[in-house]
Amino acid sequence: MRLMQLSRESLNFPPPEMALREPNGLLAMGGDLSLPRLLSAYQRGIFPWFSPGDPILWWSPDPRAVLWPQKFHLSRSMKRFHQRSPYRVTLNQSFSEVVEGCASDRQEGTWITPAVKHAWQQLFDAGEAQSIEVWHDKELVGGMYGLALGQIFCGESMFSRCENASKTALLVFSRYFLQQGGRLIDCQVLNPHTASLGAEEMSRADYLKQLDLLAKQPLPPECWRQQTLF
């Protein structure tokens, strides 16, 4: 199957069902990282991921990794750690620093290029993207960021510089998101870290059904205001 080349003049995407099986989920290439295109992509269950220097690649894998917030797996050791946690967790207080942390704290390199950082900053400035920060005293030691679509949160990336910092971010956010009416966290592709925290695989067809249903259910606007969560 030929890979579709996106036009900068159109926000149209091919149906996710047309994505390749190998590599799993590759759907299209090209286009840009403009705010309208990114919103259009995530609303259709599509996300960009590519290496620096390569064309923009768009994906919709099958299966999809998701986390039901109420199914977050809290191990005994993590429960003990959290009970005496040295961390403070905030919402939307240092978005750019979280994105930078996700970009720089990777031994294998990163796809979060300056253009990607700029694109996500635009999403944040427009009130479409969110960040969760984990602090030890005044130092940012972990966090995650993503995009909320109604009752779904599309998690994009996370990082950790201290023990259990990223786990703390996801734990605290899962509880808060559920409390606010959130139903599902998109983890894109399953990996050992997210699997250990309770993420599971869902068929693309089922994910798209959930997306169509839950993205139409808004959360209270005040739930995304800057605040301390823990």
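## Exercises on a predicted model

Gln 151 counts as buried, at 14% relative accessibility (buried means under 20% relative accessible area, exposed over 50%, partly exposed in between, with a 1.4 Å probe and protein chains only). This is a predicted model, in which local features need pLDDT of at least 70 and side-chain atom pairs count only at pLDDT 80 or more, while totals for chains, interfaces and linings use all residues. Residues are numbered from 1 along each chain as its sequence is written, and side-chain values use heavy atoms, without hydrogens and water.

### Exercise 1

Task: Find the place of Gln 151, then list what Gln 151 touches.

Solution: 
- Step 1. Gln 151 sits in the loop between β8 and β9. Strands (E, at least two residues) and helices (H or I, at least four) are DSSP runs, numbered from the N terminus.
- Step 2. Set aside residues up to four places away in sequence. Gln 151 then touches Phe 177, Gly 181, Gly 182, Arg 183, Leu 184, Leu 214, Gln 217 and Leu 219. Contact means heavy atoms within 4.5 Å.

### Exercise 2

Task: Trace the strands that pair with β8.

Solution: 
- Step 1. Start with burial. In β8 (residues 139-149), 10 of the 11 residues are buried.
- Step 2. Take β7 (residues 129-136). It pairs with β8 in the antiparallel sense over 8 bridges. Two strands pair if DSSP finds at least two bridges between them. His 136 has Glu 139 in β8 as its bridge partner.
- Step 3. Look at the turn. β7 and β8 form a hairpin with 2 residues between them, and Asp 137 in the turn has a positive phi of about 60°.
- Step 4. Move on to β9 (residues 152-160). It runs antiparallel to β8, joined by 8 bridges. Met 144 stands opposite Met 158 in β9.
- Step 5. β8 and β9 have 2 residues between them, and Gly 150 takes a positive phi near 60°.

### Exercise 3

Task: Which residues of helix α2 are buried, and why do they line one face?

Solution: 
- Step 1. Helix α2 spans residues 76-83, and its buried residues are Met 78, Phe 81 and His 82.
- Step 2. Seen down the axis of α2, these residues fall within an arc of 95°, so they line one face of the helix. The arc is that of the directions from the helix axis to the C-beta atoms.
- Step 3. Turn to the other side of α2. There Arg 76 and Gln 83 are exposed.
- Step 4. Find the cover. What covers the buried residues of α2 includes β6 (87-91) and α5 (165-179).
- Step 5. Pick a residue in α5: Thr 168. Thr 168 is buried, with a relative accessible area of 0%. Beyond residues up to four places away in sequence, Thr 168 touches Met 78, Phe 81, His 82, Tyr 87 and Val 89.

### Exercise 4

Task: Is Pro 14 buried or exposed?

Solution: 
- Step 1. Pro 14 lies in the loop between β1 (4-6) and β2 (26-30).
- Step 2. Its relative accessible area is 7%, so Pro 14 is buried.
- Step 3. Leave aside neighbours within four places in sequence. Pro 14 is in contact with Met 4, Leu 6, Leu 27, Ala 28 and Ile 46.
- Step 4. Now take a pair of C-alpha atoms. Those of Pro 14 and Tyr 207 are separated by 17 Å, with the two residues 193 apart along the chain.
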